[in-house]
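User: Could you walk me through the pockets, cavities and helix contacts here? I have the sequence and the structure open.

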Amino acid sequence: TAARTLTVDTAPDGGLFVPFQMPSLSVGDLKGKTQLECIAYILGLFFRTKLTQADVAECIGEDSLALIAIDRKVSVLQGWNRANREFSKMEYALYCKLCKDVTPCKKTTQWPKIAIRIAIFTAVIMQMYEGREVDIAVNAGDFLTPTTAFYCRQIGLPVGTILCAVNENSGLWDFFTNGQLNCGAPVVVTGLPDLDVAVPSQLERLIFAATGVSGVAEFINRLDSGRLYKADDETLSHLSSGFAVSVVGVQRVPSLIHRIFTTNSYVLDTYGALTFGALQDYRATFGDIRQTLLFSEYSPLVHRATVANALNIREYKLTDLI
């Protein structure tokens with residue numbers, strides 16, 4: 001049941017939870033709803049709860065999800081506010097609201113994380129929608145947020161390309177490009193721990209969606225033994241449809257932070273800046289420029305030393321710019 005996913009991350013056999021049946025939506029179903037109403041509606045579909053707009057506002061605030069245009073057809077979903085500085089804290093508040101009949105874990109469990117992000121992405125995509133698909137640019141990390149964007153498309157939202165930004169841990173790029181993933185690859189430590197992932201754990205859900213039970217069993221077998229997983233051409237085509245991966249070295253992050261502020265008067269955190277760099281590289285290569293949602297999980301104040309150095313200012317002055 002959906003309620004079970006609120007207390008544990010995996011089934012007894014270690015498998016990740018996926019919905020037995022995904023909801024099906026159309027743009028018309030959401031037309032006219034506010035951000036908070038959209039979030040409550042989507043979470044109600046996944047957990048059969050009766051959350052209200054007031055419930056969501058209590059968890060994340062009335063106007064916490066700022067959508068800020070920073071470049072040509074690029075809008076940042078600022079998933080944080082001054083008070084909490086991190087998206088995970090708003091996410092946890094919503095998770096606890098869903099757990100009214102059970103004892104919440106100390107951290108948000110995996111499937112509720114995805115469902116909450118689906119709900120929030122839905123609200124923002126509807127705000128951006130102008131009759132054409134919206135691209136989504138996110139950090140790849142453990143692949144949880146790209147999975148969220150994938151499910152948004154699955155339920156019927158107008159999602160175009162899902163751009164996954166990776167750093168020196170570029171196994172995901174090799175997978176989507178060549179169809180192979182070294183499940184025994186060492187992690188390259190770069191100072192951006194959310195991106196220091198050799199084998200994205202949540203990739204299992206996408207492989208399941210593309211190949212079913214037998215296909216994901218082979219992936220898990222390779223993962224557990226640290227061997228090379230290789231997808232055939234048909235599977236790779238199915239897996240990579242609608243996805244793109246861009247590699248950005250962490251040494252570029254300070255210059256990206258500085259450039260974004262200089263040209264757009266906006267301060268992005270280290271992870272958001274790396275994602276922006278990935279998006280710019282993607283556009284330079286493919287020339288595809290659509291409305292793009294760039295998801296920012298952290299306030300620049302979380303990694304203030306790096307951001308302040310990139311802007312050539314003292315740390316205490318950073319608050320004046322945000």
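Predicted model: local features only at pLDDT ≥ 70, side-chain atom pairs only at ≥ 80, totals over all residues.

User: Which elements each supply at least two residues of the lining of the largest pocket?

Analyst: Residues are numbered from 1 along each chain as its sequence is written, and side-chain values use heavy atoms, with hydrogens and water left out. On a 1 Å grid over the protein atoms alone, a pocket is an open set of points with protein on both sides within 12 Å along at least five of seven lines, a cavity is a set where a 1.4 Å probe fits but cannot get out, and lining residues have an atom within 4 Å of a point. With helices (H or I, at least four residues) and strands (E, at least two) taken as DSSP runs numbered from the N terminus, the elements asked for are α4 (87–98), α5 (110–128), β3, α6 (144–154), α11 and β8 (292–296).

User: What is the volume of the largest pocket, and which residues lie nearest its centre?

Analyst: A volume here is the space filled by probe spheres set on the grid points, which are joined across faces, edges and corners. For the largest pocket that gives about 510 Å³. Its lining has 26 residues, and the ones nearest the centre are Lys113, Arg117, Asp194, Glu297 and Tyr298.

User: How does the lining of the largest pocket divide by class?

Analyst: Ala, Val, Leu, Ile, Met, Phe, Trp, Tyr, Cys and Pro count as nonpolar, Asp, Glu, Lys and Arg as charged, and the others, Gly among them, as polar. On that basis, the lining of the largest pocket has 11 nonpolar, seven polar and eight charged residues.

User: Which residues are closest to the centre of the second largest pocket?

Analyst: This pocket has a volume of about 370 Å³. Of its 14 lining residues, the closest to the centre are Ala2, Pro19, Phe20, Gln21 and Phe46.

User: How many charged residues are in the lining of the largest cavity?

Analyst: About 60 Å³ of space lies in the largest cavity, and its lining includes Ala140, Asn167, Leu195 and Pro200. Seven of the lining residues are nonpolar and three polar, and the number charged is none.

User: Why are α8 and α9 described as they are, and what is the handedness of their crossing?

Analyst: The axes of α8 (residues 203–225) and α9 (residues 233–240) come within 9 Å and cross at roughly 125°; axes are lines fitted to C-alpha atoms, for helices over the stretch in contact, and angles run from 0 to 180 degrees between N-to-C directions. Under 35 degrees counts as roughly parallel, over 145 as roughly antiparallel, 65 to 115 as roughly perpendicular and the rest as oblique, so α8 and α9 are oblique to each other. A crossing is left-handed if the near helix is turned anticlockwise from the far one by less than a right angle, and right-handed if clockwise. The crossing of α8 and α9 is right-handed.

User: Which residues of α9 make the contact with α7?

Analyst: Helix α7 (residues 171–178) packs with α9 at an angle of about 120°, their axes 8 Å apart. Contact means heavy atoms within 4.5 Å. From α7 come Phe175, Phe176, Thr177 and Asn178, and from α9 come Leu236, Leu239 and Ser240.
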